[in-house]
Amino acid sequence: MKRKALVIGAGLGGLATGLRLSTRGYEVTILEKHSQAGGRLNQIEQDGFTFDMGPSFFSMSYEFDELFNYCGLDNPLVYEELNPLYVVNFSNGRTYKIYKELGKLAEEFKKVEPDFEKKVIKYLDDAGKLFHDTEGLVVKKNFNSKLDYLLTLTKVPWKHSPKMFRSMWNELGRYFESRDAKVIFSLVAFFLGSTPFDTPAVYKLLNYTELKHDGYWNIKGGMYKIVEALLSELEKRGVSIHYNTEITGFNQNGTGVKGFIDKNGKVWEADLFISNSDAASFRGNVLKRDRYNTDRLDEMDWTLSPFTIYLGVKGKLDNLYHHNYLLGENFEEYASKIFKMSISPDKPYYYVNVSSKSNPDSAPEGCENIFILCPVPDLRYKKDWSDKETLADNIISDLSNRTDFDIKKNLITKRIVDPVEWENTFNLYRGSGLGMAHGLNQIGGFRPRNKDEEFKNLYYVGASTVPGTGLPIVTISSKLVTERILQDDKSVQ
Ligand SMILES: Cc1cc2nc3c(=O)[nH]c(=O)nc-3n(C[C@H](O)[C@H](O)[C@H](O)COP(=O)(O)OP(=O)(O)OC[C@H]3O[C@@H](n4cnc5c(N)ncnc54)[C@H](O)[C@@H]3O)c2cc1C
């Protein structure tokens, strides 16, 4: 008889794990709190415009190939490479196009950084060595204990160890002199939920993944195609997904979980359970574990909250590319304050994505869809978002000035999603956008494990368990948890 697996959450982690387990002969059921699948990888449709709600690009595209390959499928997604990867605009007008071709990139920096090409080659060479020395050994590996993890770290070549103790900002200072080069290459630290001043230099490997290794990709037709492809295959395999079903409690059966209980009191039983809900806060809020009570969760490091704005406008924004970062001139001051501010920033730094530039179907003819993401403090620091219209207006005016395009005058549709809504929609702890942060004390053996400490039939997948956040990394998480389950449950193979 088929073993029954219940997946809690239809985010990328839950859907990918459901697909992998169905491939290995499990009977899978998925429960989802929201009214549609995808979690943060979601879609908003409004007044003829379609917006990717969260993720707008990804690196390590080969991880999606691996997922479909594992499940015996041809990858149906059509990748579109981004080049320039992104464009950075400083408020005084300096603009840099970040090209993958290093010679072309050097042209962008020629006024501010002498010998840029030589320097960037050296920087990326070191970052590449670190990436390849750790990807298989540390990132794509299950650890059984902290000791197991620490012993594995000793196998990483020692030459990389100073980068654990040096900040990303200081590391960049060893290669580059100009502030602009340092600011631009340190933006990846924000993806990890920290500042380059607090992020260890080991994360320079992200510069290698963006500039050298696999680059950044978009999906033809929009990022939600990823979710649609997974849903279509799950449906063919008879996997049922129940929406508007939030798990709030559980029944225990000796050392295992017997069933999870939804908000309406219905009990969902299975042989094994995989939570795609945040791996730390689920342990606290649903399992009532003391180690993850609210006080302890609040003491952990969390990534910034997203403040997102979705705009449909008439006309074309010729001064914007697919991906754009709009920064101010006070990077050090801004980065050091942004995590703990209790008020909205008055000169916010933000990211803009115009997906209609590469996916024309996402906006009516002659129009453009604009997605704005402004990273803001999580709800521990700023609870009240009643000023959301003011912050949105502030960003829209700034963007209008910097692009020479009157957004307000040409506005057809607008939607704001503040940290409170992000928290409530997907159970993101304190509205944290990327889940638990990735300091050395919260990664690998120190991150919430993908197998429960107490219940032998409960597992976790997603951004706050191993290896961490981001679409390719969550896809790896689905592989790691599936390997764990198969190892524990050899009889099913
Ligand atoms: C604004 C934003 C922009 C981003 N941009 C990028 C990007 O460009 N590139 C990139 O690679 N990554 C990006 N990320 C990160 C990426 O979205 C996440 O790392 C990834 O989608 C997380 O997937 P997940 O499966 O772990 O979690 P989620 O997507 O959060 O899925 C978890 C699911 O579980 C459901 N759930 C939670 N609790 C319960 C419960 N108790 N009962 C039932 N269901 C429950 C939730 O509703 C949700 O659907 C971005 C994130 C945000 C917020």
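In what order do the three strands of the open sheet stand? The order is β10-β11-β12, with antiparallel pairing. This is a predicted model: local features need pLDDT of at least 70, side-chain atom pairs count only at pLDDT 80 or more, and totals for chains, interfaces and linings use all residues. Residues are numbered from 1 along each chain as its sequence is written.

**View 1. The three-strand sheet, β10-β11-β12.** Strands (E, at least two residues) and helices (H or I, at least four residues) are DSSP runs, numbered from the N terminus. Two strands pair if DSSP finds at least two bridges between them. β10 (247-253) and β12 (267-269) are the edge strands; each has a single partner, so one side of each lacks a neighbour in the sheet. Neighbouring strands are turned by 30° against each other on average, direction ignored.

**View 2. The pairing of β10 with β11.** Six bridges link β10 to β11 (residues 256-262) in the antiparallel sense. Asn253 stands opposite Gly256 in β11.

**View 3. The seven-strand sheet.** This open sheet runs β7-β6-β15-β16-β17-β14-β18, with mixed pairing. β7 (95-98) and β18 (411-417) stand at the edges with a single partner strand each, so one side of each has no neighbour in the sheet. The twist averages 20° from one strand to the next.

**View 4. The pairing of β15 with β16.** β15 (residues 323-327) and β16 (residues 350-353) run antiparallel, joined by four bridges. His323 stands opposite Asn353 in β16.

**View 5. Helix α15 across the strands.** α15 (residues 388-403) lies across several strands, including β6 (86-90), β14 (305-314) and β17 (367-376). The helix runs at about 55° to β14. Axes are lines fitted to C-alpha atoms, for helices over the stretch in contact (C-beta atoms, placed from the backbone, within 7 Å). Angles run from 0 to 180 degrees between N-to-C directions.

Definitions and conventions: Two residues are in contact if their C-beta atoms, placed from the backbone, lie within 7 Å.
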